[in-house]
Structure formats: structure tokens, C-alpha cells
Amino acid sequence: MIIFELMNLANRNILIKICENCNHLFIVTGRSDTKYCSRIMKNEKKPCTVLGAQKAFKENYINNTFKQMVDKYRSNYKNQMACGKIDDEDYEAWSKLAREKYLACRKSEENSKQRQDFIAWLKLDFYDAISTSYKSIGEKYSDSAD
Ligand SMILES: [Zn+2]
């Protein structure tokens, strides 16, 4: 019976979706790209449209802040490389590690251990982070000249 009704609705071009907030089916009445139903669920004061949007905003904000932090370190080291304080190869090594670590934890929870570890790694001294000791560019050149 339910299936029949759903098919019937489909035939009439009525769009049915699963609400991303409460996970219940709903009939889309407004914009077809809506993700949330307009019901007020038990124990809630606001409809899913409001709660879902708030939740998505918060998650996005947290994720963007996390990415911004990574980008801040990256651009800082990139600038240091540009003015010769950090060697290109060292920067590349750091950048590669940062990318691997970021990709490994970007989808984990805000307070997950992976994220905490990554943040701790970002805060390390640059040369500790890439496990090499500091060498000035002058020293590097004199090494290769030997
Ligand atoms: Zn809902």
C-alpha cells in the first residue's frame, strides 16, 4: 500500500526525500534542493528546516576553521621559503606530510584523537615536524660542495 502510494506520487512528479535532520521521508513542497522537512520533531522546538540548517552551518564552520588553521601554517612556511628561511625541499616535505595528515583526519570528529594529533603536529617546530635538523641554506650548499 505504501509502495503503491509512493509510486503514485512519483507518477505525479512529486518529489520525496529523506530529511537529513530527522531521517524521515517527506514530500518536497518548496524548493527541490531542500534537504530538510518542515516538521517539528518530538522534543524539539524548531522544525527540521531550521535545526538542519543550523547544524550544517556549525559543522561547516568547524571544518572551515580547521582547514583555515592548516592553511595558515602552510602559507606561513611558504612565505618563509619564499624569503629563503626555509629550504624548498624541506617545505615540500612538510607540505606533503601536512596534506597526508590532513586528508587522514579531515572527516573525523571535531575532538577526535586524529585531529588532536594533527593539531599537535602542526604546532611542532618546523624541523621537528619533518624530523630533520635545521641547516641554513649556506650549510646545505657547503655540504653538497664537499
Ligand atoms: Zn526532518
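The model is a predicted one, so to speak of local features pLDDT has to be at least 70 and side-chain atom pairs count only at pLDDT 80 or more, while totals for chains, interfaces and linings use all residues. Residues are numbered from 1 along each chain as its sequence is written.

The protein has six helices and two strands, taken as DSSP runs numbered from the N terminus (H or I over at least four residues for helices, E over at least two for strands). Starting at the N terminus, the order of elements is α-β-β-α-α-α-α-α. Contacts are pairs of residues with C-beta atoms, placed from the backbone, within 7 Å of each other. Among those between residues at least 6 apart in sequence, 31% join residues at least 24 apart.

Just after α2, G84 takes a positive phi of about 80 degrees.

As a rule, an α-helix has 3.6 residues a turn, so residues three or four places apart point the same way.

Two helix pairs involving α3 can be described in detail. Angles here run from 0 to 180 degrees between N-to-C directions, and axes are lines fitted to C-alpha atoms, for helices over the stretch in contact. Helices α2 and α3 pack at about 170 degrees, with their axes 10 Å apart. That makes α2 roughly antiparallel to α3, given that angles under 35 degrees count as roughly parallel, over 145 as roughly antiparallel, 65 to 115 as roughly perpendicular and the rest as oblique. On the α2 side the contact is made by V70, R74, Y77, K78 and M81, and on the α3 side by D88, Y91, W94, S95, A98 and Y102.

The other pair is α3 and helix α4 (residues 113-123), which pack at an angle of about 160 degrees with axes 9 Å apart. α3 is thus roughly antiparallel to α4. Here K101, Y102, A104 and C105 of α3 meet Q114, R115, F118 and W121 of α4. The crossing of α3 and α4 is left-handed, meaning that the near helix is turned anticlockwise from the far one by less than a right angle (clockwise would be right-handed).

Y102, a residue of helix α3, deserves a separate look. With 18 C-beta neighbours inside 10 Å, Y102 counts as partly exposed. Setting aside neighbours within four places in sequence, Y102 is in contact with V70 and F118. The C-alpha atoms of Y102 and F66 are separated by 9.4 Å, although the two residues are 36 apart along the chain.

S32 sits in the loop between β2 (25-27) and α2 and is exposed, with 8 other C-beta atoms within 10 Å. Between S32 and I16, 16 residues apart in sequence, the C-alpha to C-alpha distance is 9.5 Å. The loop between β2 and α2 also holds N43, which has a positive phi of about 70 degrees despite not being a glycine. N43 is exposed, with 5 other C-beta atoms within 10 Å. S131, in the loop between α5 and α6 (137-145), is another non-glycine with a positive phi, of about 55 degrees. S131 is exposed too, with 9 other C-beta atoms within 10 Å.

Key
Two residues are in contact if their C-beta atoms, placed from the backbone, lie within 7 Å. A residue is buried if 20 or more other C-beta atoms lie within 10 Å of its own, exposed if 12 or fewer, and partly exposed in between; C-beta atoms are placed from the backbone.
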